Amino acid sequence: MRRYAASAPAFTREVWRDIALPGCEGLQAHARGDYLEAWRRLGCVVPRMAEAGGSHAQRDLFEQILLDAAVKSGRCSAAQQILELRRMADPFGVPVNMALAAVYGRLGLPRLADQARARALVTRSRHRD
């Protein structure tokens, strides 16, 4: 990957060098449990992923891995910001609100954690089997 990024055709070299390669390095760091390095690598490229193409779902997967790296590397304020942006698209979503509750708990914000859990419970109560 490094060789290709260095020798890619001129019209794609920047994307390979500045987005694809650090993105792969971030995934590799995450896979080996180096969440701080994953955060550093992915944090720089996730906002630029659209330049590399791929579907919305593929870009969302990178964002979810970045979020996991943020939480696991102790970057709870960053995780909270990512989750609040996700909540804008799905205000009462159970997964996003439960993740927010956990992050708010780690940040020492119990009132906000309770509010996030309550939003998730509202959704769960509306969709019982």
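**Helix 6 against helix 7**

I looked up which residues touch here: Cys76, Ala79, Gln80, Leu83, Glu84, Arg86 and Arg87 in helix 6 meet Val96, Asn97, Ala99, Leu100, Val103, Tyr104 and Arg106 in helix 7. Contact means heavy atoms within 4.5 Å, and helices are DSSP runs (H or I, at least four residues), numbered from the N terminus. By class, this contact of helix 6 with helix 7 has eight nonpolar, two polar and four charged residues. For the classes, Ala, Val, Leu, Ile, Met, Phe, Trp, Tyr, Cys and Pro are nonpolar, Asp, Glu, Lys and Arg are charged, and the others, Gly among them, are polar.

A note on provenance: this is a predicted model, where local features need pLDDT of at least 70, side-chain atom pairs count only at pLDDT 80 or more, and totals for chains, interfaces and linings use all residues. Residues are numbered from 1 along each chain as its sequence is written, and side-chain values use heavy atoms, with hydrogens and water left out.

Next I checked the geometry. Helix 6 (residues 76–89) and helix 7 (residues 94–106) pack at about 155°, with their axes 10 Å apart; axes are lines fitted to C-alpha atoms over the stretch in contact, and angles run from 0 to 180 degrees between N-to-C directions. Helix 6 and helix 7 are therefore roughly antiparallel (under 35 degrees is roughly parallel, over 145 roughly antiparallel, 65 to 115 roughly perpendicular, the rest oblique).

**Helix 7 against helix 8**

I followed helix 7 to its other partner listed here, helix 8 (residues 110–126): their axes come within 8 Å and cross at roughly 160°. That makes helix 7 roughly antiparallel to helix 8. Among the residues in this contact are Asn97, Leu100 and Tyr104 in helix 7 and Ala116 and Ala120 in helix 8. The contact divides into nine nonpolar, three polar and three charged residues.

**Helix 2 against helix 5**

I found helix 2 (residues 10–31) packed on helix 5 at about 50°, axes 11 Å apart. That makes helix 2 oblique to helix 5. Gly23, Leu27 and His30 in helix 2 meet Phe62, Ile65, Asp68 and Ala69 in helix 5.

**The largest pocket**

Which helix gives the largest share of the lining of the largest pocket? I found helix 5, with five residues. A pocket here is an open set of points on a 1 Å grid over the protein atoms alone, where a 1.4 Å probe fits, with protein on both sides within 12 Å along at least five of seven lines; lining residues have an atom within 4 Å of a point. By class, I noted seven nonpolar, two polar and three charged residues in the lining.

Key. Helices (H or I, at least four residues) and strands (E, at least two) are DSSP runs, numbered from the N terminus.
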